[in-house]
Amino acid sequence: MADEVVLLDFWASMFGMRVRIALAEKGIKYEYKEQDVFNKGPQLLQTNPVHKKVPVLIHNGKPVCESLIIVQYIDEVWKDKSPLLPSDPYQRAHAKFWADFVDKKVYEVSKRVWTSTKGEEREAAKKDYFEIFKILEGELGDKPYFGGETFGFVDLSLIPFYSWFYAIETFGEFNLEAECPKIIAWAKRCLHKEIVAKTLQDEKKVYEFVGQLRKMRGLE
């Protein structure tokens, strides 16, 4: 029996982009179902009743939630092609640590920048944003990718945020490349991968979406 794979997702979700990259990397055919994240439908609420968020991967009727857990699930189920995590236990733990760091730090500090108003609040958010990316630059070092010579789990965890960089820089009034050139060089290297380039969303479209979010929050 062929695998039935369905992805509940939202086009601009950096978390959903992680899963789309993983599925493409493994060559898995799936049905994509775009979700209205402002008016959540019954399938999303039934398959992710705890968090009520995208993405949700439904594999042969069974839902898997939370993007990094989904990516690890994909890697374990379809293990014959393009491993996403290292086989060495220590390297796997190391990759999971940094992917978790991205999950815990990058999203929240990014949100603080694009939801901030001018003044001290914005300056504090920008300072923390640069600090997080400087830590990531330190981990990247002189390696082409976070895991070494090939695109892997940490790269996949972070690269979707690149789609949001333009919006965050514009609303935050700064240039990330001036502060963290290694991160931008790394991102451009990742974009040489056709799967990554095809999956990441247009930065101007994301900028317009973030503008709409700011208006909804009364920030514009």
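**Notebook: fold, surface and helix H7**

I began with the surface: the accessible area of the protein comes to about 11,300 Å², by the Shrake-Rupley method with a 1.4 Å probe, where for residues only the protein chains shown count as cover. Carbon and sulfur atoms own 52% of that surface.

A note on what I am working with: this is a predicted model, where local features need pLDDT of at least 70, side-chain atom pairs count only at pLDDT 80 or more, and totals for chains, interfaces and linings use all residues. Residues are numbered from 1 along each chain as its sequence is written, and side-chain values use heavy atoms, with hydrogens and water left out.

Next I looked up overall size. The radius of gyration, taken over C-alpha atoms with a globule rule of 2.2 Å times the number of residues to the power 0.38, is 17 Å, which agrees with the value near 17 Å for a compact globule of 220 residues. The C-alpha atoms fill a box of roughly 60 × 45 × 30 Å along the principal axes.

Then I checked contacts (heavy atoms within 4.5 Å). Of those with a separation of 6 or more, 70% join residues 24 or more positions apart.

Nine of the eleven residues in H7 are buried, meaning under 20% relative accessible area with a 1.4 Å probe, protein chains only. Among them I noted Trp164, Phe165, Glu169 and Phe171. Just after H7, Glu173 takes a positive phi of about 60 degrees.

Note on methods:
Buried means under 20% relative accessible area, exposed over 50%, partly exposed in between (1.4 Å probe, protein chains only). Helices (H or I, at least four residues) and strands (E, at least two) are DSSP runs, numbered from the N terminus.
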